[in-house]
Amino acid sequence: MPLVTLADVLQPALKNGYAVAGLVTLGWEDMRAYVAAAEAEAVPVILQAGPSCRAHTPLPILGKMFQHLAEGASVPVVAHLDHGYTMEECREALDSGFTSLMFDGSRKPLAQNIDETAQIAEMAHAAGISCEGEIGFVGYADGENSAGTDPDEAAQFARETGVDAMAISVGNVHLQQDKEGGLDEVRIRAIEAVTDVPLVIHGGSGVPVSQRSALARGSNICKFNIGTELRMAFGAALRAAVHADPDRFDRVQILKGTHDPLVAATRQVLQAFKGQ
C-alpha cells in the first residue's frame with residue numbers, strides 16, 4: 001500500500017490503546033526485516049532515518065527505499081525523518097517522499113524551539129504530511145545528560161507548534177543497551193493532563209518491556225522509538241553469519257543470514273505494543 005503519515009497511524013493508536021514502533025533503520029537489510037515483522041504481526045510500522053543513517057545513504061535514496069517497501073507491504077508504513085536539525089534537511093526529506101518529519105529543536109531555548117518547530121509543522125501540513133517535535137531533552141548513554149520535560153512547557157509547545165506528535169523526556173535515554181532504567185510515570189501523567197497530542201518516547205530500547213506494554217495500553221504514549229536493541233540483534237546475527245562459513249566472502253549471501261533472526265527479534269518488539 002502507499003506510504004501513510006505519522007498522524008494516520010498514531011491517531012488510531014491513541015484512540016484504541018496501543019502504540020506503534022518507530023524503528024531506526026541503517027540500511028536495506030534492517031528496513032526490509034522490519035516490514036516483514038510488521039506484516040507477520042499485522043501492525044503498522046514507522047521506518048526511521050536518523051542522522052547516522054542519512055550520513056551513510058542520501059535522503060532521496062532512502063525515500064525511494066521506504067516507498068518501495070511500503071508499496072509491497074500489506075500493513076501501513078510511515079517514512080519518518082528522525083532528528084532533523086534544520087529546515088533545509090526537513091525540506092529535503094519532504095521532497096524525497098518522506099511522510100513524516102521530526103524536527104529536533106530540543107537543545108534550543110523554548111521560544112526558539114517552538115518557533116522553528118511551528119515552521120516545520122506548517123511546511124509539513126501544507127504538503128499533507130506529519131510533524132513530530134521534541135520538548136525537553138533526551139540525553140545519551142555515556143554522553144549528554146537529559147533535561148526532563150516540564151508539563152507547562154509541553155502544553156505550550158503542543159498548542160503553539162501544531163505538531164502531530166510530541167517527543168518527551170521522562171527518564172528515557174538514547175543508545176541505552178540495558179533495560180535497567182524506567183520512565184517517570186508521574187511526569188507522564190502530568191503531561192497527559194495538559195495536552196492530548198500523541199506522545200513519543202525516544203530511547204525506547206532502555207525501557208523495560210513490561211513498562212512499554214503497560215504504557216502502550218494505558219497512556220497517551222503512542223510511539224516508542226527502538227534502535228539500539230535491534231542494532232544489537234542485527235550485529236549478533238551478522239557475526240554468526242560471518243563465522244558460519246569462513247570461506248564465504250559474498251556479502252549478499254552473508255547478509256541473507258541476518259534476515260530471519262532480525263525478523264524474529266523485531267516481532268518480539270512489536271508484540272509488546274499491541275493493544276489488549
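K274 is partly exposed, because its relative accessibility is 29%; here, buried stands for under 20% relative accessible area, exposed for over 50%, and partly exposed for what lies in between, with a 1.4 Å probe and protein chains only. The model is a predicted one, so to speak of local features a pLDDT of at least 70 is needed, side-chain atom pairs count only at pLDDT 80 or more, and totals for chains, interfaces and linings use all residues. Residues are numbered from 1 along each chain as its sequence is written, and side-chain values use heavy atoms, with hydrogens and water left out.

A salt bridge is counted when a side-chain nitrogen of Lys or Arg lies within 4 Å of a carboxyl oxygen of Asp or Glu. By this rule there are 8 salt bridges. One of them joins K274 to E41, with 2.8 Å between the closest N and O atoms. This pair links distant parts of the chain, 233 residues apart: K274 sits in the segment after helix 12 (259-271), and E41 belongs to helix 2 (residues 28-41). Helices are DSSP runs of H or I with at least four residues, strands are runs of E with at least two, and both are numbered from the N terminus. E41 counts as buried because its relative accessibility is 8%. E41 and K274 also belong to a network of salt bridges that includes R267.

A second salt bridge is formed by E89 and R54, whose closest N and O atoms are 2.9 Å apart. Here too, distant parts of the chain are linked: E89 lies in helix 5 (residues 87-95) and R54 in helix 3 (residues 51-56), 35 residues apart. Both E89 and R54 are buried. Another salt bridge connects E116 with K108, and its closest N and O atoms are 2.4 Å apart. K108 has a relative accessible area of 28% and is therefore partly exposed.

Aromatic rings come next. A pair of aromatic rings is described by the distance of the centres and the angle of the planes. Rings of Phe, Tyr and Trp (its six-membered ring) pair if their centres lie within 6.5 Å; planes under 30 degrees apart count as stacked, over 60 as edge-to-face, and the rest as tilted. This rule gives 2 aromatic pairs. The rings of F66 and F98 form an edge-to-face pair, because their centres are 5.6 Å apart and their planes stand at 70°. F66 lies in helix 4 (residues 59-71) and F98 in the loop between helix 5 and strand 4 (100-103), so the pair ties together parts that are 32 residues apart in sequence. Both F66 and F98 are buried.

F224 and F273 form a stacked aromatic pair, with 5.0 Å from centre to centre and 15° between the planes. Since F224 lies in strand 8 (residues 221-226) and F273 in the segment after helix 12, this pair ties together parts 49 residues apart in sequence. F224 is buried, with a relative accessible area of 0%, and F273 is buried as well, with 1%.

Two packed helices are described by the angle between their axes and the distance between the axes. The axes of helix 6 (residues 110-126) and helix 7 (residues 151-161) come within 9 Å and cross at roughly 30°; axes are lines fitted to C-alpha atoms, for helices over the stretch in contact, and angles run from 0 to 180 degrees between N-to-C directions. On the side of helix 6, the contact (heavy atoms within 4.5 Å) is made by L110, N113, I114, T117, A118 and A121, and on the side of helix 7 by E153, Q156, F157, E160 and T161.

A few single residues complete the account. A165 is part of strand 6 (residues 165-168) and is buried, with a relative accessible area of 0%. Leaving aside residues up to four places away in sequence, A165 touches L6, L10, C131, E132, G133, V197, P198 and V200. A42, although not a glycine, has a positive phi of about 60°. A42 is found in the loop between helix 2 and strand 2 (45-49) and counts as exposed at 60% relative accessibility. H83, in strand 3 (residues 77-84), is another residue other than glycine with a positive phi, near 55°. At 5% relative accessibility, H83 counts as buried.
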